[in-house]
Amino acid sequence: MNICVIGTGYVGLVTGVCLAEIENNVICVDNIKEKINKLASGESTIYEPGIEELLKKNIKNNRLSFTTDISKAINRSEVIYICVGTPSLFNGQANLKFIEDVATEIGKYINGNKIIVNKSTVPIGSGDWVSMVISESIERNNPVKDIDFHVVSNPEFLREGSAISDTLFPDRIVIGSSSKEVVDKMTELYKPIIDQSFDCPKGIERLIPKGKKIPVVKSDLTSAEMIKYAANSFLATKVSFINEIANICEKVGADILKVSEGMGLDRRIAPEFLNAGIGWGGSCFPKDIQALSYIAGEYGIIPQILNSVINVNTGQRQKIVKKVQDELKIVKGKTIAILGISFKPDTDDVRESPSIDIMNNLAALGARIKFYDPIVKVKPEALDKKVLICNDAYTAAADSELLLLATEWKEFLKLDFIKIKELMSKPIIIDGRNFLDRDYLEKKGFKYIGIGR
Ligand SMILES: NC(=O)c1ccc[n+]([C@@H]2O[C@H](COP(=O)([O-])OP(=O)(O)OC[C@H]3O[C@@H](n4cnc5c(N)ncnc54)[C@H](O)[C@@H]3O)[C@@H](O)[C@H]2O)c1
């Protein structure tokens with residue numbers, strides 16, 4: 001099929017590349033020219049394992065191209081994906097400005113019957129609103145008035161860091177539309193994935209046996225939109241829950257690692273998202289749970305669980321700062337090393353990263369902060385200007401009185417902790433992800449502080 005993907009961020013780029021990989025003709029659009037130029041030359045604009053190989057391969061096969069010309073892309077496509085951002089407004093509400101801009105452009109340039117796929121995470125009811133914006137734009141801007149289009153909700157569940165695998169081997173595909181014809185067309189588009197009939201690209205591990213079917217949830221538009229918000233809110237709830245249990249473990253002397261293991265082996269609970277740590281962040285959980293809480297408020301519902309999940313998460317970041325204060329007493333003038341700034345490993349995404357919040361709080365208390373991240377090489381704007389960026393973990397650790405591991409990058413397991421101990425002025429480690437080998441570090445003379453143990 002001829003497909004156009006609008007927005008080439010984490011979701012749009014991965015979607016475009018994977019749809020090309022299953023033999024569609026895909027044109028990706030973004031309004032940032034430098035991004036498009038870079039992508040067109042085969043260079044990825046995001047750090048995502050495996051993406052660059054698939055990008056190059058599909059450009060070479062003439063199945064994938066990039067443009068800033070949205071009219072050209074819309075004109076030649078039967079299916080148009082909306083993959084632009086939906087960040088939070090100051091009150092927690094989702095900002096739909098980017099979606100509105102794109103819907104207006106679609107209305108302006110649409111030249112025949114098309115399916116508009118909303119892959120961005122949007123508030124419940126947005127599908128109908130997008131239809132309205134497109135219709136109004138057709139009315140105002142488009143010389144052709146008699147156009148039949150359908151908006152379908154197809155929420156995205158990929159995780160940054162394993163986005164290609166998550167797209168090719170999803171747990172489920174959700175298609176929300178009132179039109180059977182549209183649902184059938186979308187099912188046909190995803191057939192190679194649903195049937196797992198595609199040839200697994202080189203370098204990507206086949207996670208689901210060939211021929212095994214992927215479940216497809218066909219629903220109305222509103223339910224599809226709700227599935228996405230509810231799923232993210234539930235995952236965030238699991239993390240906040242285990243962090244609360246970890247805080248109790250610390251007081252009663254239990255070990256959260258054993259507690260999580262014992263809980264997670266129960267199939268009704270499952271082990272995923274039961275890792276205690278410094279709290280959740282990223283570009284999705286914070287904004288999605290806030291948006292759902294806001295929507296509930298619009299209907300007079302006080303979403304007590306959602307609000308608690310947010311509060312526990314904010315509190316968890318503060319608890320880490322408190323742990324640092326407990327160890328160092330006076331934080332002012334002390335040097336602290338932070339390992340990891342991305343909100344989780346295997347991504348360069350720093351949006352709403354708990355590490356940034358913690359660094360800013362410690363900097364505000366007068367600490368001198370040095371951080372190192374394996375992939376993030378530019379200081380994010382949200383970071384206090386006084387925080388220093390280092391080229392390696394050893395430079396960050398030098399002269400530090402405390403080291404906080406904030407992101408569980410695998411490369412941190414390979415660090416020479418004997419050297420780090422020599423470089424630090426006090427050997428104290430707070431392992432914010434319960435990731436390092438406590439016994440080993442203690443044997444080497446570190447004071448090791450984990451979360452909930
Ligand atoms: N990042 C994730 O892990 C993830 C997972 C699931 C769902 N989502 C949802 O998917 C959506 C996109 O997320 P993302 O992380 O890819 O965002 P992003 O910010 O990384 O990318 C958005 C892209 O859209 C482009 N854009 C904005 N306005 C445009 C316009 N008018 N025309 C063309 N391009 C335009 C931007 O330049 C940017 O490249 C969000 O709603 C998000 O909640 C994200």
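A: What follows is a close look at one helix pair.

This is a predicted model, in which local features need pLDDT of at least 70, side-chain atom pairs count only at pLDDT 80 or more, and totals for chains, interfaces and linings use all residues. Residues are numbered from 1 along each chain as its sequence is written.

Two packed helices are described by the angle between their axes and the distance between the axes. Helix α10 covers residues 221-252 and helix α11 covers residues 256-264, helices being DSSP runs of H or I with at least four residues, numbered from the N terminus. They pack at an angle of about 135 degrees, with their axes 10 Å apart, where axes are lines fitted to C-alpha atoms over the stretch in contact and angles run from 0 to 180 degrees between N-to-C directions. α10 and α11 are therefore oblique to each other, since angles under 35 degrees count as roughly parallel, over 145 as roughly antiparallel, 65 to 115 as roughly perpendicular and the rest as oblique. The crossing of α10 past α11 is right-handed, a term for the near helix being turned clockwise from the far one by less than a right angle.

On the α10 side, the contact is made by Ile242, Ile245, Ala246 and Cys249, which meet Ile256, Val259 and Ser260 of α11; two residues are in contact if their C-beta atoms, placed from the backbone, lie within 7 Å. By class, the residues of this contact are six nonpolar, one polar and no charged, with Ala, Val, Leu, Ile, Met, Phe, Trp, Tyr, Cys and Pro counted as nonpolar, Asp, Glu, Lys and Arg as charged, and the others, Gly among them, as polar.

Key: Helix = DSSP H or I, 4+ residues; strand = E, 2+ residues; numbered from the N terminus.
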